[in-house]
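Keep the structure open while you read.

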Amino acid sequence: MKTLTALTATFAALVVAAPAHAWQPSKPIEFVVTSSPGGGTDNFARMIQSVIAKHNLISQSIVVVNKGGGSGAEGFLTVKTAAGDAHKVIFGTNNAYLLPYVAKLGYKFSDMTPVAALALDEFLLWVKNDAPYKSAKEYIEAVKAKPDTFKMAGSQSKDTDQTLTSMLSASTGAKFIYVPFQGGGAVGTQLAGGHVDSHTNNPNESIGQWKAEQVRPLCVFSPTRLASTTKVTATMGWSDIPTCKEQGLPVERFQMPRTVWLPDGVPADAVTYYADILKKVSETPEWKEYIARTVQTGQFLAGDAFKAFIANDDKNSRAVFEREGWIVK
Amino acid sequence: MDNLASLFHGFSVALSFHHIFLMLVGILLGILVGVLPGLGAPNGVSLLLPLTFTMDPVAAIILLTSMYWGALFGGSTTSILFNIPGEPSSVATTFDGYPLAQKGKATEALSYAFLSAGFGALVGVIVITLLSGVVQKFALRFSAPEYFAVYFLAFCSFIGLGGAPVLKTVVSIGCGFALAAVGMDSVSGSLRLTFEFDALLAGISFLVVVIGLFGIGELILTVEEGLQLKGIEARVRPSDVLRTMAMMPRHWATLLRSALVGCWMGITPGGPTAASFMSYGLARRFSKYRQGFGKGEPDGIIAPETADHSAGTAAMLPMLALGIPGSATAAVMLGGLMIWGLNPGPMLFVERPDFVWGLIASMYLGNVIGVILVLATVPMFASILRIPFAIIGPAIVVICFVGAYTVGSRPFDLWVALGFGFVGYLFKKLNYPIAPLILAMVIGDKAEDAFRQSLIMSKGALSVFWSNALVGTLMALALLLLVWPVAARVLFGGGRSSAP
């Protein structure tokens with residue numbers, strides 16, 4: 001009887017004394033980056049690492065590991081081999097849940113625990129600076145007039161750029177030749193050199209060439225104009241770029257979330273722990289500076305809001321994948 | 001003249017005690033990661049990257065680039081001493097460097113390698129200094145067909161030369177292409193040759209294959225040939241370094257040709273590895289001592305080393321001017337540039353001249369310091385060969401496997417290295433050449449991507465490869481190199497060109 005009382009007391013004490021975060025890292029944490037060094041996801045993860053280090057948000061040390069093989073699938077497979085290990089944090093984009101559609105991989109989306117999204121990377125329609133088109137509408141009309149002659153460059157195949165190109169073609173009837181290159185940098189140079197007619201690079205991938213007046217943006221695939229008001233060229237800045245909807249294109253919104261994941265079967269406390277840390281990261285001045293410099297849209301999503309975002313993005317992309325016949329199995 | 005003034009300004013930025021100290025640290029760390037096979041410059045630089053977050057950009061890039069130079073130098077050391085390339089770009093150095101070291105002339109071999117590396121790097125920096133204004137326009141002319149033509153040129157200059165029977169070369173090159181195709185295909189976005197085996201998703205790492213083919217394959221051969229438990233009777237005299245130095249001017253033709261090949265391949269997207277192979281191929285073709293190649297001919301060390309370093313250095317130019325990384329290491333540095341708050345691209349030269357010219361000035365200094373440092377270590381490294389095989393053999397096995405694991409932290413890679421050890425042994429026993437396999441693995445998938453991109457752009461018309469003067473010239477040159485051995489035999493009579 002006495003033992004029982006003692007046990008109950010201990011139990012009660014534990015429950016009462018349990019801090020806000022019952023889970024704390026007990027060994028060094030591994031940041032698994034699903035791109036090669038230098039890629040957008042790599043910058044995203046290393047930025048978070050440097051903010052955490054600067055503000056001492058995590059007492060354990062953090063090791064960044066690049067596993068970018070197979071378009072990032074190599075990194076996401078960590079969720080299988082490290083199931084239940086909350087010391088492995090995986091960084092990606094929407095490829096986390098879209099990759100398993102287009103390639104037969106050893107993991108399913110249900111094997112991952114969503115933690116948070118910290119930013120939305122924007123997509124713009126770019127043409128060469130000396131191209132005759134004044135507006136996005138004009139360009140699309142020109143493409144429609146001569147189908148299958150205009151070249152749209154993008155990074156990789158069956159990834160965000162090609163998805164957006166497909167949405168654009170399906171909704172406007174403008175038929176492009178899609179040419180896949182290795183990454184946003186190569187895509188940008190191809191347009192600056194006049195080898196292709198347009199691309200849909202993220203702002204950060206083409207800011208240098210815009211500044212040098214080699215390329216210029218026609219519109220941004222976002223419901224509202226970009227926030228940054230700094231001038232890039234003598235006359236224009238990011239906020240001066242019209243939205244594609246304003247220009248009469250039927251694709252209103254296309255954004256790529258920068259996401260953070262944990263393996264399946266980790267304690268719920270651990271998810272909250274990381275979500276809280278990342279929330280703090282997203283509120284630091286360094287983070288805001290990074291968002292402003294790379295012209296992304298800072299938006300912190302966790303919990304149900306993040307899940308709802310995923311469900312919506314998944315539905316839209318899946319529709320494109322099905323139409324294009326990209327889905328494997 | 002503008003460039004020269006900017007360069008002097010750059011020297012005033014780079015020449016500070018702090019920066020020179022960082023150069024020394026960077027180069028020493030670089031030699032360390034270069035010597036260990038598998039660790040390599042890209043891994044070393046990304047390990048060091050977090051340390052630079054709090055540094056100012058000029059100091060940070062000096063530290064990282066110095067590490068890169070160090071790693072390039074260090075990579076040749078193990079190629080020559082143990083036939084294990086520390087870096088992908090030092091594979092071609094093994095062809096003659098290792099045989100020369102086996103003859104007991106390790107000091108000469110290492111000195112040749114380091115001196116020509118230093119020369120190559122210096123030419124590379126001079127080219128950067130002179131061309132920084134115009135290269136951007138030139139590089140913008142490169143699209144998929146031009147890329148393909150550059151890779152094709154590299155293949156033709158290396159393959160066209162005599163040597164192994166044609167059929168065996170074709171088999172070897174075919175194996176290389178097949179291995180390069182494993183993993184995600186970026187043009188179609190589908191997985192190829194992975195057989196739903198997760199470990200193959202990321203493809204087969206070229207470095208791991210090299211460690212197996214060369215390092216482990218060589219060990220198996222040595223063991224079979226009756227364990228030589230003695231070390232090589234290498235005389236290690238520091239004066240040999242000076243003697244080699246005096247020999248260098250005799251090889252001026254090879255030096256110059258290789259430096260030019262290197263700069264060309266560094267500025268165009270060929271890269272250091274392709275440059276070293278191409279340069280080796282050309283040196284062999286133009287050499288009076290063709291029979292000596294593969295048996296320890298100094299030109300066979302000088303050519304790949306010079307080209308490797310001038311390409312590695314010149315590759316910094318497209319990185320700075322266009323934001324396109326010319327090598328894996330440059331890609332990591334590019335990531336660093338963004339974290340330090342710089343925007344790589346055409347405007348970098350205009351917006352941050354202190355950064356760009358400080359970096360270029362530091363390349364001059366870094367490479368001079370690098371050559372002096374590595375030459376000082378030659379006697380030390382060369383005397384490693386005197387250690388009996390019973391001790392050094394097991395150590396090499398350990399280094400090989402540690403190296404294979406470090407490449408991507410994948411346990412599966414250990415099996416790959418072991419498997420390719422046996423493949424390497426078989427290749428040597430059956431007299432199949434390994435070099436074409438390596439070349440196909442390194443630039444095979446890039447060449448394939450460029451070829452398919454070209455055809456997508458031209459809607460399937462092969463005429464795209466002759467569609468403008470640039471790509472047409474490159475293709476014609478490549479084809480000329482390909483048929484040269486046959487043509488030479490017809491024109492100048494047979495006999496001479498039958499190389500071993």
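## The five-stranded sheet

An open sheet of 5 strands runs in the order β7-β6-β8-β5-β9 in chain A, and its pairing is mixed. The edge strands are β7 (177-181) and β9 (215-220) of chain A. Each of these two pairs on one side only. The model is predicted.

Strands of a sheet pair through backbone hydrogen bonds, either parallel or antiparallel. Within this sheet, strand β5 (residues 124-128) and strand β8 (residues 198-199) of chain A run antiparallel. They are joined by 2 bridges. W126(A) has H199(A) in β8(A) as its bridge partner.

## A helix across the strands

Helix α7 (residues 160-172) of chain A lies across β6 (151-155) and β7 of chain A. The helix runs at about 145 degrees to β6(A).

Now turn to strand β3 (residues 88-92) of chain A. Is this strand mostly covered or mostly exposed? Mostly covered: 5 of its 5 residues are buried. Both faces of β3(A) are covered. On one side sit K88(A), I90(A) and G92(A); on the other sit V89(A) and F91(A).

Which strands pair with β3(A)? One is strand β1 (residues 29-33) of chain A, which pairs with β3(A) in the parallel sense over 4 bridges. Here F31(A) stands opposite V89(A). Another is strand β10 (residues 255-263) of chain A, paired with β3(A) in the antiparallel sense over 3 bridges. There I90(A) stands opposite W261(A).

How values were computed:
Residues numbered from 1 in each chain as written. Chains lettered and ligands numbered in written order. Predicted model: local features only at pLDDT ≥ 70, side-chain atom pairs only at ≥ 80, totals over all residues. Heavy atoms only, no water. Pairing = 2+ DSSP bridges. Contact = heavy atoms within 4.5 Å. Axes fitted to C-alpha atoms, helices over the stretch in contact; angles between N-to-C directions. Buried < 20%, exposed > 50% of the residue type's maximum accessible area, 1.4 Å probe, protein only.
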